[in-house]
Amino acid sequence: MPTFRLKKDQASLLVVDIQERLCGAMERDALDRMLNRTNAAIEGSQALELPIIVTEQYPKGLGPTHSLVKMRLGSYSAVEKIDFTACVPDVASRLGERKQVIIVGMETHVCVFQTVRDLAEKGFTPLLCADAVMSRNPEDRRVGLEMCREAGAHIITVEAALFDLLGCAGTPEFKKVSAAVR
């Protein structure tokens with residue numbers, strides 16, 4: 001697999017289906033860790049001025065984006081979808097020319113996997129934050145990560161992504177990102 005380097009002018013953050021009712025079905029400690037890492041990704045992306053795109057799978061049934069994520073996002077407009085993939089036309093248009101897509105969300109083996117596969121097929125570079133994705137079942141998460149890798153995703157962590165985007169210390173953004181990942 002070729003090497004990659006994240007670049008601020010080419011990267012976006014995609015937050016896939018982290019919704020209230022879906023979160024209610026997750027194991028609590030794992031959910032808390034995933035929400036913490038997701039919020040670090042959001043805060044770091046905001047510090048780096050990356051576009052942040054949020055999707056919601058059938059919000060009428062699964063509810064809105066989780067309140068802790070909404071608080072971190074501030075003002076945003078979610079892309080509502082019924083397809084499992086988040087690679088729907090509205091998301092693709094929001095990504096525009098930015099080809100590096102940092103992905104967090106749920107569930108790893110369904111919506112996240114199908115999103116990764118479809119983004120890769122459309123010429124994007126999916127970067128999956130393993131510490132900020134989950135499934136109800138740990139086995140589904142584990143297999144989902146493998147499926148994502150086989151579909152073309154680079155498996156990374158939130159901190160690895162943010163510091164790769166930074167490239168160096170000593171900047172105002174570095175301080176904000178460092179605070180976000182603590």
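Mentor: What follows is a set of questions about terms, each answered by setting a value against a definition.

Mentor: This is a predicted model, in which local features need pLDDT of at least 70 and side-chain atom pairs count only at pLDDT 80 or more, while totals for chains, interfaces and linings use all residues. Residues are numbered from 1 along each chain as its sequence is written, and side-chain values use heavy atoms, with hydrogens and water left out.

Trainee: Why is Asp17 called buried?

Mentor: Buried means under 20% relative accessible area, exposed means over 50%, and partly exposed lies in between, with a 1.4 Å probe and protein chains only. Asp17 has 1% relative accessibility, so Asp17 counts as buried. Asp17 lies in the loop between β1 (11–16) and α1 (20–23), where helices (H or I, at least four residues) and strands (E, at least two) are DSSP runs, numbered from the N terminus.

Trainee: What is the label for Tyr58, and where does Tyr58 lie?

Mentor: With a relative accessible area of 42%, Tyr58 is partly exposed, and Tyr58 lies in the loop between β2 (52–57) and α3 (59–62). Tyr58 also has a positive phi of about 40 degrees although it is not a glycine, and Asp17 has a positive phi near 55 degrees, again in a residue other than glycine.

Trainee: What makes Phe163 and Phe174 an aromatic pair, and which kind of pair is it?

Mentor: Rings of Phe, Tyr and Trp (its six-membered ring) pair if their centres lie within 6.5 Å, and planes under 30 degrees apart count as stacked, over 60 as edge-to-face and the rest as tilted. The structure holds one aromatic pair. In this pair, Phe163 and Phe174 are 6.0 Å centre to centre with 65 degrees between the planes, and the pair is edge-to-face. Phe163 lies in helix α8 (residues 158–166) and Phe174 in helix α9 (residues 172–181), so the pair ties together parts that are 11 residues apart in sequence. Phe163, at 28% relative accessibility, counts as partly exposed, and Phe174 is partly exposed too, with a relative accessible area of 25%.

Trainee: How do you know that the charged end of Lys99 sits over the ring of Phe124?

Mentor: A charge sits over a ring if NZ of Lys or CZ of Arg is within 6 Å of the ring centre and within 35 degrees of the ring normal. The charged end of Lys99 is 4.3 Å from the centre of the Phe124 ring and sits over that ring.
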